[in-house]
Amino acid sequence: MKAWPTIAVILVAVAAVGTTVYYASELSIMRTSSLCRDSNNIGSHIYNPARLQVFKDCVTVSGIVDSVIMEDDGDYHVWFHVDAQYANLPNSVNNDYRPGDLLAEIICATTVNQQDAFLACENYTNQIPIPNMNQNISVTGPYVLDLTHGWMEVHPVYSLLVSYP
C-alpha cells in the first residue's frame, strides 16, 4: 500500500518533465526566425533534389558578392566571399574554385533552358532579389553539399537581404 504514493509522485514528475520538454520544444520552434522557414515552398521547386546532401536545415550567412551567374536550369549562382565568422562553411572544393566563397542558389529565377529542370520551375517564379557584384548580402536557406560538384551551398535561398553601407 505504501508503494502507491511513491508511484503516483513518480508518474506526476514524469508527466511534468514531459510537458516541460514539449512546451520548450514548441517555444523554440515559435522563436525560429521566419527567414528560416520555407513559407513560400521554394524547396519543392528544386530539380533533382537527391543531388543535395543537407548538412543544416537552415543557416544565415553574410558576405560580399563576387559573381552572379545565370544558369540554364533557371537558377542564379551567387558566389560570395563569406564574412570571417563563416570561414568554416566553404569546403576545399569551394576554396579550389573560389577561395573563401560559398555558393547561394536562387532557384527558378530566370528562363529555364535545361530540359530536366522544366518541371521543377513550371508555373513558379522565385521572388528573391538578385544581388549585384560587390554588394554585402545575407542569405538564408539550407546548407548543403552539392554531390555533383562537391562544393557547399545555401540551396535554395529562402531569403536574401542586401545591406547598404
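**A buried charge and its surroundings**

Reply: Glu105 is buried but takes part in no salt bridge; Arg51, the nearest side chain of opposite charge, lies 4.8 Å away. Please bear in mind that this is a predicted model.

Me: Why does a separation of 4.8 Å from Arg51 not count as a salt bridge for Glu105?

Reply: A salt bridge requires a side-chain nitrogen of Lys or Arg within 4 Å of a carboxyl oxygen of Asp or Glu. Arg51, at 4.8 Å, is the nearest side chain of opposite charge, and Glu105 therefore has no salt bridge.

Me: Which side chain makes a polar contact with Glu105?

Reply: The side chain of His77 does, at 3.0 Å. Beyond neighbours up to four places away in sequence, Glu105 touches Asp75, Tyr76 and His77, together with Glu153, Val154, His155, Pro156 and Val157.

Me: In which element is Glu105 found, and how are the faces of that element to be read?

Reply: Glu105 is found in strand β3. In a regular strand, side chains alternate between the two faces of the sheet. In β3, Asp101, Leu103 and Glu105 lie on one side, with Leu102, Ala104 and Ile106 on the other, and all of these are buried. The strand is thus mostly covered, with six of its six residues buried.

Me: Which strands pair with β3, and in the parallel or the antiparallel sense?

Reply: Two pairings may be described. Strand β3 (residues 101-106) pairs with β2 in the antiparallel sense over six bridges, and Val78 stands opposite Ala104 there. With strand β5 (residues 152-154), β3 pairs in the parallel sense over two bridges; here Ala104 stands opposite Val154.

Me: How is β2 connected to β1, and how many bridges join the two strands?

Reply: β1 and β2 form a hairpin with five residues between them, and Gly74 in the turn has a positive phi of about 90°. Strand β1 (residues 52-70) and β2 pair in the antiparallel sense over seven bridges. Met70 stands opposite Tyr76 in this pairing.

Me: Why is β2 described as largely enclosed by the rest of the structure?

Reply: Strand β2 (residues 76-82) has six of its seven residues buried, so it is largely enclosed by the rest of the structure.

Me: What polar contact does Ser62 make, and in which element is Ser62 placed?

Reply: Ser62 is in strand β1. Its side chain is joined to that of Asp83 by a polar contact of 2.5 Å. The relative accessibility of Ser62 is 15%, so this residue counts as buried. Setting aside residues up to four places away in sequence, Ser62 touches, among others, Phe80, His81, Val82, Gln85, Tyr86, Ile137 and Ser138.

Me: How many disulfides are there, and which cysteines form a link?

Reply: The count comes to one disulfide. Cys108 and Cys121 form it, with sulfur atoms 2.0 Å apart. The angle about the S-S bond is -80°, and the link is left-handed. The pair links distant parts of the chain, 13 residues apart: Cys108 is in the loop between β3 and α3 (118-121), and Cys121 is in helix α3.

Me: Are the cysteines Cys108, Cys121 and Cys36 buried or partly exposed?

Reply: A residue counts as buried when its relative accessible area is under 20%. Cys108, at 3%, is therefore buried, and so is Cys121, at 10%. Cys36, at 25%, counts as partly exposed.

Note on methods
Residues numbered from 1 in each chain as written. Predicted model: local features only at pLDDT ≥ 70, side-chain atom pairs only at ≥ 80, totals over all residues. Heavy atoms only, no water. Buried < 20%, exposed > 50% of the residue type's maximum accessible area, 1.4 Å probe, protein only. Helix = DSSP H or I, 4+ residues; strand = E, 2+ residues; numbered from the N terminus. Pairing = 2+ DSSP bridges. Disulfide = S-S within 2.5 Å. Lys, Arg positive; Asp, Glu negative; His and termini not counted. Polar contact = N/O pair within 3.5 Å; in protein donor to acceptor, adjacent residues only side chain to side chain. Contact = heavy atoms within 4.5 Å.
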